Amino acid sequence: MAIIIDETKKVIVQGITGREGRARTRLMREFGTNVVGGCTPGKGGQEVEGIPVYDTVAEVVDASGGIDVSVVFVPARLVKGAAVEAFEAGVKLVMLVPDRVPLWDAMAIAECGAANDAEFIGPNTLGVISPGRAVIGMIGGRADSAKQWFNEPIQGKTVGVMSRSGGMSSSCGYYLSRAGLGISTICHVGGDSVLGLTFPEVALKFQDDAETEAIVLFGEIGGSMEERLAELMQAGRITKPVVAYIGGKAAKEGTRFSHAGAIIEGDRGTHAGKVRAITEAGGVVVDGFGDLPEAACAALGVAVEANR
Amino acid sequence: MARLHEYQGKALLAARGLRIPAGDAVRTAEQAHDAASSLGGKVVLKVQAWITGRKAKGGVLFASSPDEAEAAAAQLLRMRFGNFPVEEVLVEELLDISHELFVSLTIDDAAQAPMLLLDCEGGSGIEDRADSVARIPISVSEGIDRGRVLAVLAESSIPSAAHEALADAIAAIVQTAGDIEARSLEVNPLVVLADGSVCAADCRVTIDDYAVFRHPELGIEIARELDHPATALESVAYRLEQEDHRGTFYFAQLPTEGWESTKGLIGFHGAGGGGSMMSMDAVTNEGYTLANFCDTSGNPSAAKVYRAARVILSQQGLTGYFGSGSGVASQEQFHSAYGLAKAFNELGMTLPVVVRLGGNAEDRAVDILEDACRDLPAAVEGYRKDDTPAFCAERFSALMENASGGASGELTRRVPDWVGGDAEAFPIEGGHVWIDIERCNREITAKLGEWSSGILKDGGEGTPVLACDEETAAKSDSEFIACEIECLRAGHPVLFVDLPIAGIDCPQEVC
């Protein structure tokens with residue numbers, strides 16, 4: 001199992017001929033992702049890494065006999081058009097990697113996705129990786145690193161990871177693996193204010209995943225996704241153990257530290273409010289990031305393995 | 001997020017058909033006198049400042065004559081809120097208000113849509129009535145459902161004669177927010193006047209930073225969230241970011257009052273939002289004061305990291321330099337190492353440096369950084385993903401305790417003496433590459449080809465020439481930086497990448 005992505009899913013890349021598209025297609029392929037095609041307007045007929053390139057999403061979908069996921073690597077201002085094209089071509093899961101996508105574009109994408117009964121991840125996501133199976137986006141950067149950094153699922157010791165920080169997605173996966181845990185899937189939901197899948201939706205997928213035994217998350221100040229996750233826990237819809245770290249304790253109201261979503265507006269989205277919500281819902285919130293692996297092991301009732 | 005002043009927001013509403021009070025934004029007390037005269041004498045004066053609770057803080061005054069208005073304006077223009085001095089005062093006609101409404105458009109992350117908050121009892125005490133405020137979701141493509149607005153109004157005590165005009169006004173507010181891609185737009189209050197007309201009595205707008213590029217009409221100079229007016233260095237950093245879209249470079253200066261009673265004033269260089277925040281905590285926990293926040297991430301080029309380091313080190317009074325990101329970066333870390341090594345070498349770095357370069361190719365990155373800086377007065381140490389931020393901060397503390405005590409104000413940029421003479425130069429974006437041809441031979445030139453990733457080649461007799469067209473070379477600043485640092489490491493400093501920063505190395509108009 002695993003959530004969102006595995007080796008059976010058929011994946012295409014929009015913007016496959018660009019610098020990032022090309023490099024990340026290689027990573028995905030080498031890690032085991034089933035990349036069946038790509039598209040860039042005007043570049044139809046070319047090949048990238050031996051993968052056929054078409055002009056439009058509709059053409060790739062047609063040629064591939066249907067696909068599961070499209071990963072978008074186009075400049076930020078073109079992301080809305082790319083996402084809408086994918087939804088209208090019938091793609092049910094679209095990953096939006098680029099940073100700096102305008103907020104109103106993200107909301108238009110959400111509206112179009114909902115109208116087409118489709119999901120999206122991002123914008124501003126590093127991607128999703130299911131160790132031993134497949135990766136979409138760019139988590140790990142290089143296939144050999146990704147294989148070395150993240151453990152495959154281990155019965156009795158497997159966690160699912162979700163994070164609002166790209167770099168910290170990898171960090172969580174790496175340090176949890178070093179503590180001896182297995183990873184079903186790592187999902188970076190993205191750093192922006194309006195995102196497709198957020199913690200509640202991803203947690204529900206982990207809840208339904210037979211391999212995932214606990215959920216580890218790297219949250220941040222701003223927005224409401226940690227609070228909404230806590231509501232699901234309170235409602236009994238998430239019953240697997242939840243272990244969290246919430247970043248941005250020292251951040252001041254109104255000042256932004258990098259992630260557009262990590263901004264406190266008024267009394268909404270504060271560090272204290274998020275810690276309280278998750279704790280009251282029965283989750284464990286660690287104070288230091290370094291305490292996360294130990295807390296995850298404790299939640300699963302297994303010992304920390306040192307010096308792996 | 002980029003913010004607009006009240007009078008700027010009101011002008012946008014007026015352009016979409018909403019009535020706003022007659023008035024003028026003024027910068028001097030004399031101008032306030034004139035404005036009050038033309039408004040008939042009785043006016044309200046409001047500071048134009050990005051604060052909440054403006055009235056309670058004394059930022060709103062009433063005047064019944066031009067002379068009173070002049071005195072009031074003089075008083076308001078002396079005020080200061082946080083780091084912001086009051087520079088403008090809005091002088092407006094007095095309104096004969098019969099009813100106040102609270103209208104606020106925000107972006108709702110759960111609904112993935114704009115949300116209109118509407119309260120027909122006005123904005124005062126709104127925090128305590130949060131549950132009774134109507135929430136109306138807005139469709140990005142279709143706007144607001146007028147029927148729902150009218151339904152909320154129908155439940156209120158507002159005379160029905162004003163309902164259509166209010167619905168029009170709310171539609172105009174929603175339209176404005178969409179047109180300018182607002183992150184929030186609040187009209188508190190929206191008022192019904194005694195004559196039954198509707199008017200926006202106040203307006204607060206923030207614009208989505210990522211959309212500012214397509215709204216030149218808003219005249220926003222720096223689209224960044226800051227709690228102070230942009231400093232000269234922040235403006236320099238913002239311009240650099242606009243000129244180079246490879247990766248992200250974010251720079252903000254922090255309040256440093258009282259740093260002398262801490263262990264030191266530190267230039268901070270993060271990589272990635274989450275990891276940066278954690279690393280800031282680690283170095284703060286060791287007892288240091290951070291002079292700035294900085295983040296270079298998203299696979300930045302060596303040139304971008306070089307410029308970021310230069311901007312950080314242009315701050316006066318720094319006693320150390322600490323860099324750290326998530327620790328397990330997907331990007332190959334040697335690009336950052338090259339950029340940092342160039343900045344430290346150019347400045348003859350004297351301050352202790354600790355940089356956590358964990359992630360892909362971390363061994364190569366740490367090797368480049370430490371080796372290229374081996375002859376500098378400063379201790380420069382690189383760390384990897386298995387070294388925690390706390391450990392790196394402790395290590396930094398140890399280096400700081402043994403430091404000679406210099407400060408960044410003493411650092412000056414050094415350009416090799418052979419640059420500018422008979423040396424060979426060709427232009428690249430943002431500067432020039434200089435090569436000391438005299439000291440090149442077949443062996444060194446062969447290496448230059450390798451270190452520049454094939455941008456240079458031996459043109460015969462050991463003379464380096466471009467192996468690509470000039471356009472490609474002009475975009476290869478980062479390859480040339482790698483080449484410069486490798487030359488340095490090998491003991492053959494024959495290549496120098498001259499990337500002067502406007503506003504630091506030369507005046508804005510010269511560079």
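In what order do the four strands of the open sheet in chain B run? They follow the order β2-β7-β3-β4 in chain B, and the pairing is antiparallel; strands here are DSSP runs of E of at least two residues, helices are runs of H or I of at least four, both numbered from the N terminus, and two strands pair if DSSP finds at least two bridges between them.

This is a predicted model, in which local features need pLDDT of at least 70 and side-chain atom pairs count only at pLDDT 80 or more, whereas totals for chains, interfaces and linings use all residues. Residues are numbered from 1 along each chain as its sequence is written, while chains are lettered from A and ligands numbered from 1 in the order in which they are written.

Within the sheet, β2 (23-26) and β4 (60-63) of chain B are the edge strands, each pairing on one side only. Strand β3 (residues 43-47) of chain B pairs with strand β7 (residues 89-93) of chain B in the antiparallel sense over five bridges, and Leu45(B) has Val91(B) as its bridge partner in β7(B).

The domain assignment of chain B, whose bounds come from an automatic or database assignment, gives domain 1 (22-93), domain 2 (97-218), domain 3 (232-410) and domain 4 (424-498). In chain B, 13 residues of domain 3 are in contact (C-beta atoms, placed from the backbone, within 7 Å) with eight residues of domain 4. On the domain 3 side of that contact, the largest share, six residues, comes from α9(B).

Between the chains, the contact takes 51 residues from chain A and 46 residues from chain B.

Terms used
Contact = placed C-beta atoms within 7 Å.
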